[in-house]
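The sequence and the model come first.

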Amino acid sequence: MTAIERPLPVQEGPVGRFHELLSTGALHLQWCEACARWLYPAREQCGASADHELVWRATSGRGRLFSWTTTHQALHPAFAPEVPYVTALVELDEGPRIVGRLVGVDPGSVALNRPVRLEPTTVAGVAIVSWSVGSP
Ligand SMILES: [Zn+2]
């Protein structure tokens with residue numbers, strides 16, 4: 001029997017660079033100098049200024065739980081062994097909100113504004129955003 005492969009993010013262009021930088025253990029986001037703002041998800045150009053000169057900046061990797069959803073029924077068979085799991089929207093200390101899996105926590109104990117920190121995981125060689133409960 002062949003294992004079901006998990007769908008993975010595209011590994012090209014800005015999204016590929018995002019995951020490549022994440023593999024270093026730090027969360028980097030694009031920054032638009034013209035607008036002085038963070039961009040997420042990664043893209044070719046700023047949607048506000050159309051600036052292509054975006055720079056990658058490291059973030060603290062720390063934030064607070066802004067929202068979340070708990071998956072009880074996997075929509076793809078590769079995720080079935082992992083349910084229930086929590087997908088979190090984290091508001092970084094720097095401001096942008098980033099999606100990732102909340103790991104190492106009982107889904108029933110998740111609480112709004114709970115401090116979290118980046119805990120990147122690697123799946124099939126690709127670094128994925130994950131969060132763990134931590135102190136600010
Ligand atoms: Zn801009």
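## Basis and terms

Two strands are said to pair if DSSP finds at least two bridges between them. Helices (H or I, at least four residues) and strands (E, at least two) are DSSP runs, numbered from the N terminus.

The model is predicted: local features need pLDDT of at least 70, side-chain atom pairs count only at pLDDT 80 or more, and totals for chains, interfaces and linings use all residues. Residues are numbered from 1 along each chain as its sequence is written.

## Overall make-up

The protein has one helix and 10 strands. From the N terminus on, the elements run α-β-β-β-β-β-β-β-β-β-β. The radius of gyration, taken over C-alpha atoms, is 16 Å, close to the 14 Å that the globule rule (2.2 Å times the number of residues to the power 0.38) gives for 136 residues, so the protein is as compact as a globular protein of that length. Along the principal axes, the C-alpha atoms fill a box of roughly 50 × 35 × 25 Å.

A residue counts as buried if 20 or more other C-beta atoms lie within 10 Å of its own, as exposed if 12 or fewer do, and as partly exposed in between, with C-beta atoms placed from the backbone. By this count, 17% of the 136 residues are buried. Two residues are in contact if their C-beta atoms, placed from the backbone, lie within 7 Å. Of the contacts with a separation of 6 or more, 52% are between residues 24 or more positions apart.

## The open sheet

Three strands form an open sheet with antiparallel pairing, in the order E2-E1-E3. Its edge strands are E2 (37–39) and E3 (54–58), each of which pairs on one side only. Neighbouring strands of this sheet are turned by 45° against each other on average, direction ignored; strand axes are lines fitted to C-alpha atoms, and angles run from 0 to 180 degrees between N-to-C directions.

Strand E1 (residues 28–32) is joined to E2 in the antiparallel sense by three bridges. Cys 32 has Arg 37 of E2 opposite.

## The barrel

Five strands close into a barrel in the order E4-E5-E6-E10-E7, with mixed pairing. From one strand to the next, the twist averages 50°. E4 and E5 run antiparallel and are joined by eight bridges, with Ser 67 standing opposite Leu 89 in E5. Leu 89 also stands opposite Val 99 in E6, where E5 and E6 (residues 97–103) pair in the antiparallel sense over six bridges. The hairpin of E5 and E6 has four residues between the strands, and Gly 95 takes a positive phi near 120° there.

Arg 62 stands opposite Arg 117 in E7, and Gly 63 stands opposite Val 116 in E7. Val 116 also has a bridge partner in E10, namely Val 133; E7 and E10 (residues 130–133) pair in the antiparallel sense over three bridges.

## Faces, helix and core

In a regular strand the side chains alternate between the two faces of the sheet. Strand E5 (residues 85–92) has Val 86, Ala 88, Val 90 and Leu 92 on a covered face, and Tyr 85, Thr 87, Leu 89 and Glu 91 on an uncovered one. In helix H1 (residues 13–22), the buried residues are Phe 18, His 19 and Leu 22. They cover an arc of only 90° around the axis (the arc of the directions from the helix axis to the C-beta atoms), which puts them on the same side of H1. Strand E9 (126–128) is included in what covers these residues.

A nonpolar core is a set of buried Ala, Val, Leu, Ile, Met, Phe, Trp, Tyr and Cys residues joined through C-beta atoms within 7 Å. In the largest one, which has 15 residues, Ala 88, Val 90, Leu 102, Val 116 and Trp 131 touch the most other members. H1, E5, E6 and E7 are the elements that give two or more residues to this core, and E5 gives the largest share, four residues. Beyond its neighbours within four places in sequence, Trp 131 is in contact with residues including Ala 88, Val 90, Leu 102 and Val 116.

## A loop position

Gly 108 lies in the loop between E6 and E7. Is this residue buried or exposed? Gly 108 is exposed, because it has 8 other C-beta atoms within 10 Å. Its C-alpha atom is separated by 9.7 Å from that of Val 86, 22 residues apart along the chain.
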